[in-house]
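This report goes through selected local features of one model, from a single loop residue to the surroundings of the ligand. The sequence and structure come first.

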Amino acid sequence: MSDRPLRVGTRGSALARAQTEQVIRRLRAMHPEIPVETVIVHTSGDRGQREVRGAFVKELQHALLEGRIDLAVHSLKDLPTDSVPGLRLAAVLEREDPREALIACDGWTWATLPAGARVGTGSPRRAAQLRALRPDLAYLPLIGNVDTRLRRLEEGRYEAIVLAVAGLIRLGRSEAITEIFPLDQVLPAPGQGAIAVEIRADDARAQVLAERLNHPPTWWAVTAERAFLRALGGGCRVPIAAYGEVRGDRLWLDGLVISPDGRQAIRDQIEGPAEAAEELGRALAERLRSQGAIRILEEAG
Ligand SMILES: NCc1[nH]cc(CCC(=O)O)c1CC(=O)O
C-alpha cells in the first residue's frame with residue numbers, strides 16, 4: 001500500500017470532527033504506515049446559511065472530485081440518495097444508537113411538558129411524529145450544529161429540543177439527554193447514527209482502505225433504508241423515516257410516511273435476506289404506496 005498521505009476531508013463542526021477522528025483512528029490502527037492528514041472543508045451549512053438539502057455534503061464532494069481530499073466523512077443521513085458521478089459511497093462504520101433524544105429543561109419530561117410548551121426541532125420528520133404523540137405542544141424550527149442547538153435551549157428559547165442520540169454521544173454530551181424515544185414512537189431518518197465514507201470511484205487505494213473500514217450489518221441496514229427513501233422520491237419536506245436491522249443473515253426494515261401535521265401515517269415492515277437489502281427497501285416503499293402513501297407524499301410535496 002503506497003505511503004503517500006491520505007487526505008481525509010471533514011466539515012469543521014465539532015460533530016463532523018469527532019466522526020472524522022473515529023475514521024482516522026480506525027485507519028491508523030489498520031495502516032500505521034500510511035500518513036493520514038485531516039483537511040477541514042467549510043460548508044455553507046456551517047456558515048449558518050439556510051440548510052438546503054445536501055448543503056452539508058456538497059462542498060466535501062466537490063473537494064473529492066477536485067482531488068483536494070481522498071476520503072470524505074459524512075453523517076450518512078445528510079447524504080442525498082442520488083449518486084454523484086465520479087464518487088462512490090464506499091463504507092459505513094458500525095452504527096451508533098439510531099434513536100432520538102429529548103433534551104428538556106427545568107426537569108420536564110415528554111409526559112409532563114405542559115400544553116403549549118415550545119419544542120425545537122429542525123426536521124419535519126421529527127415534528128410530524130412528535131405531533132402525532134403530543135398535538136398540544138408547539139413545534140418550532142431549530143437549525144444549526146448540535147452545539148448551537150443545545151445553546152438555543154440553554155438560552156431559554158424552548159422548553160425542550162429533540163436531537164439524534166448518536167450526535168450527542170459523539171460530542172460527549174449524552175448527559176444532557178432527558179429521555180430517549182423508543183423506535184416505535186419516533187422512527188429515525190434513513191441512515192441516522194451511521195458515519196459514511198465517500199471516495200472517488202476510480203481511487204483503488206481508497207477503495208481498499210474503505211472496504212476494511214466497512215461494517216457489513218450496518219451497510220445492509222442503511223442500504224435498505226436509503227433504497228426505501230429513494231423509491232419514495234424523498235421530496236425535501238416529506239417526513240419519511242426508516243430503520244433497518246440485521247440479525248444473522250436476515251434484515252428487518254421498518255418504514256414510515258407521515259403527513260407533516262402527524263394526522264396521517266402509513267407504517268409497515270418487511271423482512272428478508274440481508275443481501276437483498278436494496279430490493280427490500282424498494283418493496284417496502286411499494287407496500288406503503290399501495291396503502292396510500294402517494295396521497296400523503298403529494299399533499300406534503
Ligand atoms: N442534520 C444534522 C445531523 N446530522 C447528523 C446528526 C447526528 C448524527 C447522526 O444522526 O448520525 C445531526 C444532528 C441531529 O440530527 O441531531
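## A loop residue with positive phi

D106 counts as exposed because it has 9 C-beta neighbours inside 10 Å, where a residue is called buried if 20 or more other C-beta atoms lie within 10 Å of its own, exposed if 12 or fewer, and partly exposed in between, with C-beta atoms placed from the backbone. D106 sits in the loop between strand 5 (100-104) and strand 6 (118-120), and its phi is near 55°, a positive value in a residue other than glycine. Most residues other than glycine have a negative phi.

The model is a predicted one, in which local features need pLDDT of at least 70 and side-chain atom pairs count only at pLDDT 80 or more, while totals for chains, interfaces and linings use all residues. Residues are numbered from 1 along each chain as its sequence is written. Helices (H or I, at least four residues) and strands (E, at least two) are DSSP runs, numbered from the N terminus.

The buried residues of helix 6 are A206, L209 and A210. They lie on the same side of helix 6 because they cover an arc of only 100° around the axis, the arc being that of the directions from the helix axis to the C-beta atoms. On the other side of helix 6, A204, V208, E211 and R212 are exposed. The cover over the buried residues of helix 6 includes helix 1 (14-30), strand 3 (71-75), strand 4 (87-92) and strand 10 (195-200).

H215 is placed in the loop between helix 6 (204-213) and helix 7 (216-231), and counts as partly exposed because it has 17 C-beta neighbours inside 10 Å. Leaving aside residues up to four places away in sequence, H215 touches V92, L93 and E94, contact meaning that the C-beta atoms, placed from the backbone, lie within 7 Å.

## Surroundings of the ligand

The ligand is surrounded by S75, K77, D78, V146, L163, A164, A166, G167, Q192 and G193, each with its C-beta atom, placed from the backbone, within 6 Å of the ligand. The elements that give two or more residues to this shell are strand 8 (160-164) and helix 5 (165-170).

At least three residues of the shell come from each of domain 1 (6-93 + 194-214) and domain 2 (100-180), with domain bounds taken from an automatic or database domain assignment.

Key. Contact = placed C-beta atoms within 7 Å.
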